[in-house]
Amino acid sequence: MYRKFTADHIFNGYEILTGLKVLITDIAGGIMDIVDIKDAGDNIEAFDGLLTPGFINAHCHLELSHLKGVIPQQTGLVEFVQQVIKCRTNFNELKLDAMISAEAEMQKTGIVAVGDICNTTDSIQIKKTSKLLWRNFIEVSGFTENTAQQRLDAGKMVHEQFETNYPGQNSLSPHAPYSVSKKLFQILNNETADRIITIHNQECEAENDLYRTKSGSFLSLYNNLGIDAAGFEPTQKTSFQSWLPYFTKRQIVISVHNTFTNEADITFFKNREQNDINQLFFCVCINANRYIEQQNPPIDLLRKNNCSIVIGTDSYASNQGLNILEEMKSIQRETHNAIPLPELLQWATINGAKALQVDDIAGSFKKGKQPGVVLVDKLTNLQFTPASSASRII
C-alpha cells in the first residue's frame, strides 16, 4: 500500500524541487520515491502550499511547560534565571498536563524530533509513549569547584533513569558557562567523549563580562543565590572562547542562543584543532531571545561564516509557543526576507537532524527514512506570510 502526495512545491530536505513532483510513501510514512507527476499514476493527494520533511526542534525545555505566561517578558537573562528558579516548583500539580499540551502542540505543528533539556525525570512518562523522537540532554551545573563531583553524580542518577526508560538517546550536558566550574567542565569532557552535548552560550553580554573581567550582573546572581564565586578567575576572553577548549574528545556540540557571539569567537572556533570536537552547531531561538533580552541572534554573522545553523524554540517559560514555523517566520521578518527559503528550511530539517544524530530517520525525503510529511500553507513568492501555518500530513 502506498500514499502519494503533491503540492505547489516540495522541499526534500536540501532544495525545493523543480517541476510538478509526487512524493510516494508507504502506509506508515516511509519514503519510497519522488517522481514526476506524469509517472505517478492515480490516487494522488494534492495540497496547496509546500511539503517538507518534519521539523527538528533542536532546543527545548519540556519540563518547564507549566511556566507558560508566568515570567514577564524583557526582564533580562539574570532576572529570568532567578524567576525560573523561584517559580519552577510552584505549579507542580500542573506540570504533567502542561507537558502533555506542549508535546501535542509540537506534534500538531510539524515537529518530529526534539533536543530536550532535562534536570529531572519528570518528562520520562510522556516520552515513553510519545510519537516524537527525543534526544534528552541531562543538564549538569555547579559553579563552585568543591561540588563538581557531587553535581556530576546527581546528573548521572537522572541519566540512569532516562537510560532505563528511554535507552540510547540520552547524554550529560553542561548548563551554561556562568553555572559550570572549571573542574566540572573538565570532568564533563571525559564523561561525554564521542557524545552529543548542548550548552547555553552567550545569551546575554553579562556572560562575557564575567569571563573577561569578573564583573557584571552575574555577580549579583551568585550573591542572591548564596553561591561563593571567590574562586572564579576571569580568563580575559569571551565566555565562548573560555568554555569551548574544555571539550577535546570528539563531541558533537550544540551551542544554544549565541546572542552575543562575535566575529572573534567564530574565528577562534575555526582556528582550533579540527579533531578536538566532531562538529559544532549554532542553535538560534529567536523568539526566546526577544522574550528575555529583546535581542536577535547574530544570524548574518553565522551565515557569513558558513556556520552550521539549527533552530530551537526554548521553553514555554520564554516563548508563546513551541512552533518551529513561527521561529522561521520571526527569522525571516527580522532579517528582512534575506534568507532563501530552502536555506531556512534546511536549518529546520536536515541540519537539526544531523545535530541530534537522527538523520538516518528524519530530516529529508531520502528513500528508507520516515521523516514525517508536513504541509506549510499560504506562502507568497516562496516566502512565509503572517498567515502561514504548518500541519502534519503524516
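The conversation below goes through some of the strands, helices and single residues of a predicted model.

Colleague: Why is Asn201 called buried?

Modeller: Asn201 is found in strand β9, residues 196-201, and its relative accessibility is 0%; since buried means under 20% relative accessible area, Asn201 counts as buried. Asn201 also touches, leaving aside residues up to four places away in sequence, a set of residues including Glu207, Trp243, His257 and Thr261.

Colleague: What makes the pair of Asn201 and Gln202 a polar contact?

Modeller: The side chain of Asn201 and the side chain of Gln202 come to 2.8 Å, and a polar contact is a pair of N or O atoms within 3.5 Å, where residues adjacent in sequence count only if both atoms are side-chain atoms; the contact between these two side chains is therefore counted as polar.

Colleague: Why is Pro245 called partly exposed?

Modeller: Pro245, which is found in the loop between α8 (239-243) and β10 (252-257), has a relative accessibility of 34%, and because buried means under 20% and exposed over 50%, with partly exposed in between, Pro245 counts as partly exposed. Pro245 touches Phe240, Phe268 and Arg272, not counting residues up to four places away in sequence, and its C-alpha atom is separated by 9.3 Å from that of Ile277, 32 residues apart along the chain.

Colleague: What makes β7 and β8 a pair?

Modeller: Two strands pair if there are at least two bridges between them, and β7 (residues 133-140) and β8 have 5 bridges, in the parallel sense, with Phe137 standing opposite Ser171 in β8. The chain crosses from β7 through helix α4 (residues 148-165) to β8, and this β-α-β crossover is right-handed.

Colleague: Why are β5 and β8 called edge strands?

Modeller: The open sheet of 4 strands to which they belong has the order β5-β6-β7-β8, with parallel pairing, and β5 (55-60) and β8 each have a single partner strand, so one side of each is left without a neighbour in the sheet. Neighbouring strands of this sheet are turned by 20° against each other on average, direction ignored.

Colleague: What makes β9 and β12 the edges of their sheet?

Modeller: In the open sheet of 4 strands with the order β9-β10-β11-β12 and parallel pairing, β9 and β12 (308-311) each have a single partner strand, so one side of each is left without a neighbour in the sheet. Strand β11 (residues 279-284) pairs with β12 over 4 bridges in the parallel sense, and Phe282 stands opposite Ile309 in β12. Helix α13 (residues 341-355) lies across β9, β10, β11 and β12, running at about 95° to β12.

Colleague: How do you know on which side of helix α7 the buried residues lie?

Modeller: The buried residues of α7 (residues 218-225) include Phe218, Leu221 and Tyr222, and these cover an arc of only 95° around the axis, which puts them on the same side of α7. An α-helix has 3.6 residues a turn, so residues three or four places apart point the same way. The buried residues of α7 pack against α1 (77-87) and α6 (205-213).

Notes: Residues are numbered from 1 along each chain as its sequence is written. This is a predicted model: local features need pLDDT of at least 70, side-chain atom pairs count only at pLDDT 80 or more; totals for chains, interfaces and linings use all residues. Side-chain values use heavy atoms; hydrogens and water are left out. Buried means under 20% relative accessible area, exposed over 50%, partly exposed in between (1.4 Å probe, protein chains only). Helices (H or I, at least four residues) and strands (E, at least two) are DSSP runs, numbered from the N terminus. The arc is that of the directions from the helix axis to the C-beta atoms. Contact means heavy atoms within 4.5 Å. A polar contact is a pair of N or O atoms within 3.5 Å; within protein, one must be able to donate a hydrogen and the other to accept it, and residues adjacent in sequence count only if both atoms are side-chain atoms. A crossover is right-handed if, with the strands pointing away from the viewer, the path from the first strand over the helix to the second runs clockwise. Axes are lines fitted to C-alpha atoms, for helices over the stretch in contact, and angles run from 0 to 180 degrees between N-to-C directions.
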